[in-house]
Amino acid sequence: MNILIIGSGGRESAFAWKLSQSPKCSQLFIAPGNAGTGEYGTNVNLKVTDFAGIGSFALANNVNMVLVGPEEPLVKGIHDYFLADEQLKNIPVIGPQAEGAQLEGSKDFSKQFMFRHNIPTAASKTFTKDTLQDGLTYLATAGLPVVLKADGLAAGKGVLICLTLEEAQLELVNMLQDAKFGEASSKVVIEQFLQGIELSVFVLTDGKNYKILPEAKDYKRIGEGDTGLNTGGMGSISPVHFAAGDFLRKVEERIVIPTVEGLKKEGIPYKGFIFIGLMNCDGEPYTIEYNARMGDPETESVMMRIESDFADLLLGVAEGNLETKELKISNKTAATIMCVAGGYPGDYVNGKEITGIDNVRDSIVFQAGTTLDNDVIRTAGGRVLAVTSLQDNLFEALQHATADAARIYYDGVYFRKDIGFDLM
């Protein structure tokens with residue numbers, strides 16, 4: 001197969017690394033890719049939302065499968081674009097159509113879906129600018145802390161945890177009346193705050209059958225000890241020790257199966273990944289959110305633990321026979337440490353020369369926010385590199401990943417040294 005990956009981050013680097021090992025993959029393209037993905041395939045200078053350009057490239061290069069990494073092209077309907085074109089409709093796209101992608105594209109849609117199918121989740125209500133006063137009244141009756149979620153895509157920044165009623169009411173006004181997150185906060189979901197430990201479970205489905213991929217835990221805060229501003233993710237661990245046995249059975253029975261069956265019952269076609277963000281509340285799983293794609297940096301840890309042919313699994317999704325495919329998962333532990341730009345997640349400077357990647361000993365470096373400048377690798381984003389190590393246990397994986405992250409240098413390089421400590 002000739003496979004085209006859409007995206008440019010660490011997630012897409014991990015996909016490219018894994019697919020490049022498959023005997024089923026003859027040519028690999030990454031659009032647009034980054035300075036590291038060229039090691040595994042050919043970078044293609046196309047924006048992830050340039051559907052016409054992507055379609056033309058796919059036809060010209062005999063692409064047999066498209067794997068979509070980020071959420072934006074899914075929510076905007078890249079899968080629908082292919083299906084609507086007579087020449088493109090037979091090229092399988094791994095990633096849901098726009099209707100299914102609303103599980104991520106609309107927080108209100110996903111909450112209503114959970115309620116309809118009795119999937120355990122926090123109590124919530126949705127408000128608009130027209131019902132702002134009702135929302136302010138509702139906040140006065142809600143327990144504290146309380147969670148405010150922008151309905152649409154807000155680049156991971158649309159979720160606020162408010163500790164006081166005054167803060168919550170002020171933020172609700174900011175979101176609905178003053179469009180704090182633009183069109184994304186034209187609706188706001190007010191949600192009960194759940195106390196517990198977060199983790200992510202990843203499901204691959206062909207719309208009928210499913211495979212549960214390795215679970216992971218990511219770390220959002222910029223500062224050690226989970227302090228400071230939220231980021232796109234500072235690191236991840238897989239497996240998560242408390243997600244074994246009974247807990248994972250509850251997740252499958254109460255959340256995974258009702259989700260896949262619910263999509264079928266509602267006639268929503270879905271071929272791709274379902275990322276289920278979970279809260280473990282005293283051993284009981286609750287769904288925080290859905291994403292319509294794999295997470296980042298969780299993918300970097302998850303891909304390291306999948307021992308079977310990833311291209312063959314994706315072929316099972318495309319052909320609707322996923323149940324016939326083997327999913328073999330390593331018992332080892334993967335740890336990912338994210339190296340970010342100085343100043344991130346606030347203002348940061350791009351264009352810094354990166355050195356020392358060749359010095360890494362016991363990890364794989366999945367490049368994320370990087371670009372090539374006359375054979376010099378430079379920073380080109382807030383999250384720059386994902387350093388991932390697969391070892392026999394958590395301590396060794398963290399030790400090697402952290403040591404290897406320290407071998408890399410660019411002006412302003414920063415990474416957390418306490419990823420995974422809460423699981424030790």
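The following legends describe close-up views of a predicted model. Residues are numbered from 1 along each chain as its sequence is written, and side-chain values use heavy atoms, without hydrogens and water.

**View 1. Packing of helix α1 (residues 10–19) with helix α10 (residues 298–305).** The helices (DSSP runs of H or I, at least four residues, numbered from the N terminus) pack at an angle of about 15°, and their axes are 8 Å apart. Axes are lines fitted to C-alpha atoms over the stretch in contact, with angles from 0 to 180 degrees between N-to-C directions. α1 and α10 are therefore roughly parallel to each other (angles under 35 degrees).

**View 2. Residues in the contact of α1 with α10.** Helix α1 contributes Gly 10, Arg 11, Ala 14, Phe 15, Trp 17 and Lys 18, and helix α10 contributes Thr 299, Glu 300, Met 303 and Met 304; contact means heavy atoms within 4.5 Å.

View 3. Asp 418 counts as buried because its relative accessibility is 13% (buried is under 20% relative accessible area, 1.4 Å probe, protein chains only). Apart from neighbours within four places in sequence, Asp 418 is in contact with Glu 224, Gly 225 and Asp 226. The side chain of Asp 418 reaches the backbone nitrogen of Gly 225 at 2.5 Å.

**View 4. Separation of Asp 418 and Ala 318.** These residues lie 100 residues apart in sequence, and their C-alpha atoms are 39 Å apart in space.

Methods:
This is a predicted model: local features need pLDDT of at least 70, side-chain atom pairs count only at pLDDT 80 or more; totals for chains, interfaces and linings use all residues. Helices (H or I, at least four residues) and strands (E, at least two) are DSSP runs, numbered from the N terminus. Angles under 35 degrees count as roughly parallel, over 145 as roughly antiparallel, 65 to 115 as roughly perpendicular and the rest as oblique. Buried means under 20% relative accessible area, exposed over 50%, partly exposed in between (1.4 Å probe, protein chains only). A polar contact is a pair of N or O atoms within 3.5 Å; within protein, one must be able to donate a hydrogen and the other to accept it, and residues adjacent in sequence count only if both atoms are side-chain atoms.
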